Amino acid sequence: MNWPQLLVTVLTLGSIFGVVTLSLNLQYARGGMINFGIVAYFAVGAYTYAIFTQPPPQGLDQYKFGFGWPWWAAVIVAGLAALVFAAVTGWPTLRLRGEYLALTTFAFAEVFHSVLLNERRIGNGTVGLARVERPFGDWGPIEEKYVFAGAAALLLVATLVVFRRLLVSPYGRALDAIRDDETAAMAAGKPAQQMRRQVFLISAVPVGFAGAVYAMFTTLAQPSLFTAEVTFIVWIALVLGGERSVYGVVLGTLGLVFFEEIVRAWPFETVRSAQIAAAVEHVVTGLVFIAVLRYQPFQAAATRLRASR
Amino acid sequence: MLLLQFFVSGVATGCFLILATIGFSLTRRVEGFLNIAHAELLGVSAFTTWWLNSHHGWHVLAAAVAAIAFTALVGLGIARVVYDPIRHREPAVLLITSTGVAFVIGGALHGLIGTGIRTLDIGLAQRYEAFGLRVTSHQLIVVGLAAAVSVSLAVFLNRTRTGLAIRAMAVNPELAASRGVNLSATSRATWLLSSGLAGLAGVMLAMLATLTTDLAFAQILQILAVAILAGLGSLYAVILSGLLVGVAMDVSAYWIPAGYRPLVAFAVVIVVLLFRPAGLAGTRSA
Amino acid sequence: MTLPGGANALNGVLLEARHISKRFSGLQAVGGANGLSFSVDRGAFVGLIGPNGAGKSTTFDLMSGVQTSDTGSVLFNGHDITRSSTDTIAEKGIGRTFQTPRAFESLTVLQNVVAGATSPGESLRWAFGRSWRSHETATVEAAEAILRRVGLHERAAARVGDLSGGELRMLEVARQLVRDPTVLLLDEPTAGVHPGLQERLAQLLQDLHRDGVTLVVVEHNLHFLLALADHVLVLADGELLAQGPPADIRADPVVIAAYLGDGDVA
């Protein structure tokens, strides 16, 4: 069991998904929006990065677009693409509430997944885009994978800082007011629909960046990597971490990723036992998710903490 | 002519969707939330049927009945253990919880069954041809069952005490309770019925398609489309929606690549939610 | 936005409803044959009374953008606000409290009032900068002054969940006052408020009236309202039954008959 490798992977993936969970946290806990299609923004970021960095198609390549841009430019475009996707899919749907918003975002994500699978010219079908550029080499004595983990962690910290800045400002307070009682907030002049839209768009950008970094990490952009399962995992991470606290969100994600990776990396003897372990991991995660939703330990703890002050 | 052929197969697809969605719609109306795990119950039933049939040599009908009964009990069990304690929470929380349940069931199926394709031991479907259109015996079975179930359900909901109780509870639980309806018993009956119907749909799935552990979840998207299109409407709304979505999905293959079939279902979901959140039924708001 | 010189400085209609109506699943909540029409003069203190189910809160909804009238129009200062959203109307200077008091549960009492004001820091551009902090201090001071005025100063750090019904109502009023509104629509401000606090509320309303704020108050507590208002509108079954000065209304047999059916005369 290669522990250092495991920890580096957990840190990297944990940071990447931590960014996604943070964005979900902003949308749900502060914005009151249930986004069940967040994987789509992630995929948009990943595919945009892949498309913009890869060389133009040659020979047997089925895809049509490849621009060969430098990695940093492609990352920026990835964030922008996620923003545009959020704007396009958000415009008609943000009027909806609760479960209906959940369903429409879910539906859009599945539509996007379908497009990626079927439109070979864009995404190269089920095979996906391979040989995605990994921009960092070894930095002197530090191996590439540590540099990479560091970069991912940096993205996470940057997202944390920006979001926190937003949330402690009057804007954040207005968001809380809207979430607590939208009608009363509007009677106090808060443009609820507009602000909700803004939050939706702002939070999409880091998810796009995270998608780009993910594509760098896996050197692959493939539809099978971006299924509804990713959305569920991020939601589980969100709920595990306690929804309200941003640090809880990060911890929840790291914990979940750790659990997943340890199962994945464990040296099982047969393929079958590895499969069973993965299945058990699924079941346990789902059960913990259901339990946390029911008992809300963090909510209760936070209330007790506040009451005791 | 090809278009007509697609229409015919679309009716069969639609009938399958009707069977898959009635239970889902039922719990939506009576229990008040969208139970994503409903689709996984199809998988439970499908694989139980397969296990009893191909693995243990049971006759497919016996396997089907056993699977349906088992699935009904599983659905009821989940409802009692997971959903009932949190019934007072908002529907969105129940929806999210049901995705957790779907996760658990999916994981369990993966663990128990593993990867690979499974098929039922029932022999090949017969092909019939009339007026230049082809149907298979399996498709006929699905259509026949859908019709039979619809009729029985209509009778059940209109003539039996439990059925009327279910309808009353769907409209207004408080009013129903004040008229003497036992809410928890009716709730249990609803879950049994809904899960049993999911079980039946699961058997159909096993019959019509090649079984993989992902297959069940893939159905949730179509089920959602039909349920949302039907809105909070009655059985008839579900029947109509099921046929519409089924036909739309198959007929669309005439113009767009087959891989986009599920897309048509989602397009329906999105369009309906945006323009008529109440669905075909129309009366109550979203 | 209060006018100098008090209520008599400028005459003229400030808020007007013209043939408005609202129908819910077959029930005509407001309107009747010709719709509901009335006007509120600048600086006036108008009472809106009527038996339960008369459509008073719905009328408020139609005037504050919470619901849109099926017919006719609502005018504010000559501008058509029939289809405007609640936040736009709030920004124009119309404040409103609700029949069941609303509050922001995750914020403290003081934060509730601060949140009531429209701070520059609430726009995205400012939120990422730092300069909103200086504006905050001024807003907090204004909020504290208002809490003193409504008698909630002691409870500034309390959580909303710890407040009594009466205190919640005062909090709602405070949250609207920090916005310095031109018109204040108050929906049953004395419901659940004990007599001592009612005194304070009456005083507050008189002060606001003197300062030139236009007030429209829905009340079941006629003893409270008829002593304060200078004009009263009586609503029944969504239609205007009568209107006039309090003394006339008090004696009007039609009004009394409408209330007798309800048994609610204070």
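This is a predicted model: local features need pLDDT of at least 70, side-chain atom pairs count only at pLDDT 80 or more; totals for chains, interfaces and linings use all residues.
Q: Which pair of chains that touch has the most contacts?
A: Of the two pairs of chains that touch, chains A and B have the most contacts.

Q: How many residues does each chain put into that contact?
A: Chain A contributes 32 residues and chain B contributes 37 residues.

Q: Which helices of chain A supply at least two residues each there?
A: They are α4 (98-118), α10 (228-240) and α12 (271-295) of chain A. The most comes from α12(A), which gives 14 residues to the side of chain A that touches chain B.

Q: How do the residues on that side of chain A divide by class?
A: The side of chain A that touches chain B has 20 nonpolar, eight polar and four charged residues.

Q: And how many residues make up the contact of chain A with chain C?
A: That contact takes 21 residues from chain A and 27 residues from chain C. On the side of chain A, the elements giving two or more residues are α6 (144-168), α7 (170-180), α8 (182-187) and α9 (192-218).

Q: Which of these gives the most?
A: It is α7(A), with seven residues on the side of chain A that touches chain C. By class, that side of chain A has eleven nonpolar, four polar and six charged residues.

Q: What is the distance between the closest C-alpha atoms of chain B and chain C?
A: The closest C-alpha atoms of chain B and chain C lie 9 Å apart, and no contact joins these chains.

Q: Turning to chain A itself, how many helices and strands does it have?
A: Chain A has 13 helices and two strands. Of its 309 residues, 53% are buried.

Q: What share of the contacts in chain A join residues at least 24 apart?
A: Among contacts between residues at least 6 apart in sequence, 77% join residues at least 24 apart.

Q: Is helix α1 of chain A mostly covered or mostly uncovered?
A: Helix α1 (residues 3-30) of chain A is mostly covered, as 22 of its 28 residues are buried. After α1(A) comes A:Gly32, which has a positive phi, near 70 degrees.

Q: How do the axes of α1(A) and α6(A) cross?
A: The two axes come within 7 Å and cross at roughly 15 degrees. α1(A) is therefore roughly parallel to α6(A), since an angle under 35 degrees counts as roughly parallel. The crossing in which α1(A) passes α6(A) is left-handed.

Q: Which residues meet between α1(A) and α6(A)?
A: On α1(A), they include A:Val8, A:Leu11, A:Ile16, A:Val19, A:Leu22 and A:Arg30. On α6(A), they include A:Lys145, A:Phe148, A:Ala152, A:Leu155, A:Thr159 and A:Phe163. By class, the contact of α1(A) with α6(A) has 16 nonpolar, four polar and two charged residues.

Q: How about α6(A) and α9(A): roughly parallel or roughly antiparallel?
A: The axes of α6(A) and α9(A) come within 11 Å and cross at roughly 175 degrees. That angle makes α6(A) roughly antiparallel to α9(A).

Q: Which residues meet there?
A: From α6(A), A:Phe148, A:Ala152, A:Leu155 and A:Thr159 meet A:Pro206, A:Phe209, A:Ala210, A:Val213 and A:Phe217 in α9(A). The contact of α6(A) with α9(A) has eight nonpolar residues, one polar and no charged.

Q: What does α11 of chain A pack against?
A: The buried residues of α11(A) pack against α1, α6 and α10 of chain A. Among those buried in α11(A) are A:Val246, A:Val250, A:Leu254 and A:Val257.

Q: What is the reach of α11 from its first C-alpha to its last?
A: Helix α11 (residues 246-265) of chain A has 20 residues and reaches 28 Å, close to the 28 Å expected at 1.5 Å a residue.

Q: Moving to chain C, what is the phi of C:His19?
A: C:His19 is not a glycine, yet its phi is positive, about 55 degrees. C:His19 is placed in strand β1 (residues 13-24) of chain C and is partly exposed, with 14 other C-beta atoms within 10 Å.

Q: Where is C:Asn77 found?
A: C:Asn77 is in the loop between β5 (71-76) and β6 (79-80) of chain C. Its phi is near 55 degrees, a positive value in a residue other than glycine. C:Asn77 is partly exposed, with 16 other C-beta atoms within 10 Å.

Technical notes
Residues are numbered from 1 along each chain as its sequence is written. Chains are lettered from A and ligands numbered from 1 in the order in which they are written. Two residues are in contact if their C-beta atoms, placed from the backbone, lie within 7 Å. Helices (H or I, at least four residues) and strands (E, at least two) are DSSP runs, numbered from the N terminus. Ala, Val, Leu, Ile, Met, Phe, Trp, Tyr, Cys and Pro count as nonpolar, Asp, Glu, Lys and Arg as charged, and the others, Gly among them, as polar. A residue is buried if 20 or more other C-beta atoms lie within 10 Å of its own, exposed if 12 or fewer, and partly exposed in between; C-beta atoms are placed from the backbone. Axes are lines fitted to C-alpha atoms, for helices over the stretch in contact, and angles run from 0 to 180 degrees between N-to-C directions. Angles under 35 degrees count as roughly parallel, over 145 as roughly antiparallel, 65 to 115 as roughly perpendicular and the rest as oblique. A crossing is left-handed if the near helix is turned anticlockwise from the far one by less than a right angle, and right-handed if clockwise. The expected span of a helix is 1.5 Å times one less than its number of residues.
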